[in-house]
Each structure stands twice: as structure tokens, then as C-alpha cells.
Amino acid sequence: MASLETSTDSYALFRQAHFLRYWIGNTSANFGMAMLTTAIGWDLYDRTHSALALGWVGLVQFVPVVLLALLAGHAVDVFDRRRIVLVSFGLLVLCSAGFAANAALSGPLAVYYVLLFLMGTAQAFYSPARSALLPGIVPMDALPSAINWTTSGSQLAYMAGPAIAGLLIAQTHAATTVYVVSAVLSFVFVLMLLGVPSPPPRPRSAPSWGDVIAGLHFVWREPLMLAAITLDMFAVLLGGAVALLPVFAKDIFHAGPTGLGWLTAAPYVGSFLLGLVVSHRPPIRRNGPVLLWMVAGFGLATIGFALSPNLYWGFVALAATGAFDMVSMLIRQHLVQQMTPDAMRGRVSAVTGVFIGTSNELGGFESGLTAHLWGPVRAVLYGGIGTMIIVSLVAWRWPVLRRLGAIENAEA
């Protein structure tokens with residue numbers, strides 16, 4: 001694959017047709033997912049007035065991802081990654097249509113959780129497949145720039161999607177329209193990906209249990225990778241306040257679905273703005289210290305959100321969490337991609353997905369449960385404090401992370 005002069009031209013990747021199609025489709029799909037999760041949160045809390053009901057959303061999605069993660073990672077390394085993404089997003093389109101039908105018919109709550117379980121099943125496969133697909137679309141020297149631009153596009157989608165979803169719900173007094181729009185936007189990714197060629201076939205062999213758990217062994221043997229994803233996992237698990245935003249919007253800030261849209265968009269406003277800056281700057285040279293400080297800042301901003309007196313201060317605090325999380329996410333993604341051989345990308349992506357991706361879902365359950373026991377404000381406050389404690393523990397346990405400089409020269 002030819003090299004791209006991304007060091008002197010930040011926009012060179014967008015002249016590559018396959019990356020452009022991938023970027024448009026991926027951004028569209030994330031736009032739809034952002035609208036979908038906002039609608040589900042408001043819809044469920046509006047019907048149940050229960051923080052625990054929001055917590056179950058995370059747990060129901062967490063279970064299939066954990067159960068299928070290693071198997072999905074092996075499948076991504078053996079079968080056509082592009083086809084796995086296509087099938088998975090096809091299932092997401094059907095789930096969005098199912099949410100729309102259930103909302104329009106005022107169907108039972110159990111249907112929501114069945115659809116959420118299917119979404120978790122799709123995520124178990126599309127998350128490692130989508131992550132492993134990108135290095136096959138762009139040359140390795142352009143991969144950091146591709147990750148930056150793909151992440152910035154995702155942040156743009158997650159910034160605008162919730163706000164638009166909140167406005168649509170406020171205007172229509174129902175989430176049905178949002179569910180339909182989400183299905184359409186996810187289908188755009190399917191259409192875009194049909195124009196991206198499949199990567200060259202890889203040698204296949206009869207699967208064994210050793211093959212399936214090879215990704216776990218690989219991560220366990222790499223202290224830098226293990227430290228980075230452990231830090232990210234526990235930060236999101238303890239410090240995430242996103243699952244409780246319907247409670248804050250409806251009962252604490254009294255801002256309705258429009259306020260929920262803005263609160264949900266706030267972290268992505270911060271991450272998108274900072275992402276634009278990062279995309280136009282040279283790579284970070286002292287990645288380890290920066291990563292630790294960014295996660296500590298995430299915890300501090302989470303505490304700030306818990307103590308916010310109104311919607312506006314809450315928006316600022318959440319935007320700060322997004323800015324801090326953006327930098328830590330980029331560092332982790334670069335580290336994982338640079339240290340992972342191509343033949344292992346699917347399995348390693350599946351393992352990191354268990355550590356990081358599912359921490360969002362399990363963190364949602366933790367937030368719902370602690371809010372049910374202690375109230376939403378104390379649940380978020382204690383979570384932010386816990387995140388800062390985790391940073392100290394990881395820095396102490398893995399000194400190699402404190403010394404991490406340029407990722408392209410990283411050695412465990």
C-alpha cells in the first residue's frame with residue numbers, strides 16, 4: 001500500500017477514496033448510535049422514573065459482549081473483517097427499527113432489553129472488526145492520522161447526535177422518530193462499506209482454544225498495553241456519569257429532553273474541539289505522563305459535574321471530561337495499534353473491547369445501582385473520587401507507564 005504524505009498534509013487521507021468512504025460511513029453510524037442511546041435513556045426513564053432501569057441497560061449489553069468477545073476476536077482474525085462489520089451493522093439497523101416499532105405501539109419494557117441484548121451481540125463482533133479493518137485501508141505510516149480523523153469524526157457525530165435527538169423528542173413528545181433516523185444513519189455505513197474492498201484473505205486453520213485466548217495472552221504479556229487499558233477501564237467504570245444523565249436532566253436540572261441532548265453531547269463537544277487541535281499537532285512525545293494526567297483530569301471533572309448547581313455548569317464539566325478522555329483514548333489507541341501484529345488485531349481488539357468498551361456498559365450498571373442506593377449526585381461524586389484513586393494505583397503498579405515516551409519507540 002502506498003505511503004501518504006500525512007506529515008505535511010493533514011488532509012491527504014481524504015483524497016484516498018476507500019478511507020473517505022469508511023470515514024463517511026463510520027461517522028454516520030456513530031451519529032445514529034449517539035441518537036439511539038440518547039433516545040433509549042430518555043424513553044426508559046420517562047416510562048419508569050427509575051435509575052436502576054437505566055443501570056440494567058448497561059448490564060444487558062455487557063453480558064453478550066463478555067460472553068462472545070474472545071470468539072468474536074478469533075472470527076475477525078480468520079474471516080472477512082469487512083463482512084463481519086456489514087452483518088453486525090445490519091443487525092443494528094434491525095434493532096433500531098425494533099425500538100421504533102415498540103415505542104410507536106407502546107410495547108412492553110421487556111422488548112427494550114431484548115433489543116439491547118441483540119445490540120450487545122452485534123457490538124461484540126463489530127467493535128473488534130471495525131478496529132482491525134482500518135489498518136487494512138490506510139498504510140501504517142498514515143495510521144495515526146487516520147485514527148485521529150476517524151476519532152474526530154466520531155466525536156462530531158456524538159456531539160451533534162444527542163442534541164438533535166433531544167430536540168426531536170421535545171418536538172414530537174416521543175422517541176419513535178429518533179429510532180427511525182438512527183436506523184437510516186446506520187444503514188449509510190453499510191452502503192459506504194460496500195464500496196470498500198475486503199482485505200486480502202488470511203491463512204485459515206482449524207480453530208483451537210489456544211487461538212481464541214491468544215489475544216488475552218498477548219495483552220497480559222505487554223505491561224504497557226495492560227496498564228493503559230486497565231487505567232481506561234476503571235476510569236470509565238467508576239467515573240462515567242453518562243448513564244445517569246436522564247436523571248440529572250429530568251429531576252435535578254429540570255431541563256427535559258432538550259437538556260438531556262445537550263448534556264449527552266457535552267463530553268463530545270470537548271473531545272471534538274480538542275481533537276481538532278491534536279489532529280493538527282505533532283504526535284505526543286511523553287505519552288505516559290500525559291495519559292495519567294488526562295485520566296486524573298477526567299476524574300476531577302466528573303466531581304465537578306456532580307457538584308454543578310445548574311445545567312450550564314454541568315455542560316462545562318462534562319465537556320471537560322470529554323476533552324480529557326479524548327487525549328487518553330488517542331494515546332491508548334495508538335499504543336494498541338502500534339504494538340499489535342496484524343494477524344492478532346482482531347483478537348487483541350476483542351480483549352481491549354472487553355476491558356474498555358464493556359466498561360461503559362458495566363459502568364452504566366454501576367452508576368444505576370449506586371444512584372438507586374445513594375442518589376445520583378453522590379453516585380457520580382464517589383465515582384470521580386474513585387477514578388483519581390485508580391490513577392495513583394496504576395502509576396504505582398506500572399512504573400513503565402510513567403516512563404512511556406514516543407509510542408512508536410515504546411517497549412514493554
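Which side chains meet in a salt bridge? In this predicted model, the side chains of D46 and K250 do so, with a distance of 3.3 Å from N to O. The count of salt bridges comes to one by the rule applied here. The pair links distant parts of the chain, since D46 belongs to helix 1 whereas K250 lies in helix 10 (residues 245–252), and the two residues are 204 residues apart. Side chains of opposite charge can pair when their charged atoms come close. With a relative accessible area of 36%, D46 is partly exposed, and K250, at 23% relative accessibility, also counts as partly exposed. Neither residue counts as buried, because that class requires a relative accessible area under 20%, whereas the values are 36% for D46 and 23% for K250.

The overall architecture was examined next. The secondary structure of the protein comprises 16 helices and zero strands, and 59% of its 412 residues count as buried. Among contacts between residues at least 6 apart in sequence, 87% join residues that are at least 24 apart.

Two packed helices are described by the angle between their axes and the distance between the axes. For helix 1 (residues 17–48) and helix 3 (residues 81–104), the angle is about 30 degrees and the axes are 12 Å apart, and helix 1 passes helix 3 in a left-handed crossing. On the side of helix 1, the contact is made by A29, M33, L36, I40, D43 and R47, and on the side of helix 3 by F89, L92, S96, F99, N102 and A103. Sorted by class, this contact has eight nonpolar, two polar and two charged residues.

The nonpolar interior was then considered. In soluble globular proteins, nonpolar side chains tend to be buried together. The largest nonpolar core of the model has 82 residues, and those with the most contacts inside this core are F19, F99, M119, Y179 and F305. Helix 1 supplies the largest share of the core, namely 13 residues. A second, separate core has 31 residues, among them L226, L231, V391 and V400.

Methods:
Residues numbered from 1 in each chain as written. Predicted model: local features only at pLDDT ≥ 70, side-chain atom pairs only at ≥ 80, totals over all residues. Heavy atoms only, no water. Axes fitted to C-alpha atoms, helices over the stretch in contact; angles between N-to-C directions. Helix = DSSP H or I, 4+ residues; strand = E, 2+ residues; numbered from the N terminus. Left-handed = near helix turned anticlockwise from the far one by under 90°. Contact = heavy atoms within 4.5 Å. Nonpolar A, V, L, I, M, F, W, Y, C, P; charged D, E, K, R; others polar. Core = buried A, V, L, I, M, F, W, Y, C linked by side-chain atoms within 4.5 Å. Buried < 20%, exposed > 50% of the residue type's maximum accessible area, 1.4 Å probe, protein only. Salt bridge = Lys/Arg side-chain N within 4 Å of Asp/Glu carboxyl O.
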